[in-house]
Amino acid sequence: MAWDYNGQALIYESNSRTALSLTLHGADHTHHYFPLISRIRSFLHHPWELSFQHEFREANYCADWLAKLGASSANHPLVFYSCPIAM
């Protein structure tokens, strides 16, 4: 979606060091999530500025709340054009 909307500089944040490692270094082709990891890694080849950082879940309440909202929603993907109100 970021590419489609001409995103030029993106920050990939995760509270999972394992997810960051798999994204940066890849996974063996026998890994359960190899297709997904490979797709995510393909974004590394786009001509944009992309940085990666680990964030503790407690330090990013908003992202944690949005992840839980997305996981509990039957509508995928969710796109917000303004900030949703936490319930």
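The report below treats the overall chain, then its pockets, then selected residues.

## Basis of the model

This is a predicted model, in which local features need pLDDT of at least 70 and side-chain atom pairs count only at pLDDT 80 or more, while totals for chains, interfaces and linings use all residues. Residues are numbered from 1 along each chain as its sequence is written, and side-chain values use heavy atoms, with hydrogens and water left out.

## Overall chain

The chain holds three helices and two strands; helices (H or I, at least four residues) and strands (E, at least two) are DSSP runs, numbered from the N terminus. Read from the N terminus, the order of elements is β-α-α-β-α.

The C-alpha trace spans about 40 × 30 × 25 Å along its principal axes. Of the 87 residues, 15% count as buried. Here buried means under 20% relative accessible area, exposed means over 50%, and partly exposed lies in between, with a 1.4 Å probe and protein chains only.

## The largest pocket

Rolling a probe the size of a water molecule over the atoms shows where empty space is left. A pocket is an open set of points on a 1 Å grid over the protein atoms alone, where a 1.4 Å probe fits, with protein on both sides within 12 Å along at least five of seven lines; lining residues have an atom within 4 Å of a point. A volume is the space filled by probe spheres set on the points, which are joined across faces, edges and corners.

The largest pocket contains about 1300 Å³ of space. It is lined by 32 residues, of which M1, I11, Y12, E13 and I40 are the closest to its centre. At least two lining residues come from each of β1, α1 (17-25), α2 (34-42), β2 (49-54) and α3 (61-71), and β1 gives the largest share, five residues. The lining comprises 24 nonpolar, six polar and two charged residues, where Ala, Val, Leu, Ile, Met, Phe, Trp, Tyr, Cys and Pro count as nonpolar, Asp, Glu, Lys and Arg as charged, and the others, Gly among them, as polar.

## The second largest pocket

The second largest pocket contains about 160 Å³ of space. Its lining includes E13, S14, N15, E55 and F56, and also R57, N60, A63, D64 and A67. By class, three are nonpolar, three polar and four charged.

## The N-terminal residue and a surface patch

M1 lies in the segment before β1 (9-14). M1 is exposed because its relative accessible area is 53%. Together with Y5, V79 and Y81, M1 makes a nonpolar surface patch of about 510 Å². Such a patch joins nonpolar side chains (Val, Leu, Ile, Met, Phe, Trp, Tyr) within 5 Å, from residues with over 30% relative accessible area and no salt bridge.

I37 and R41 both belong to helix α2. I37 is buried, since its relative accessible area is 9%, whereas R41 is partly exposed at 26%.

For R41 and S72, 31 residues apart along the chain, the C-alpha separation is 26 Å.

Terms used. Patches are made of residues with over 30% relative accessible area and no salt bridge: like charges are joined within 9 Å, nonpolar side chains (Val, Leu, Ile, Met, Phe, Trp, Tyr) within 5 Å. Accessible areas come from the Shrake-Rupley method with a 1.4 Å probe; for residues, only the protein chains shown count as cover. A salt bridge is a side-chain nitrogen of Lys or Arg within 4 Å of a carboxyl oxygen of Asp or Glu.
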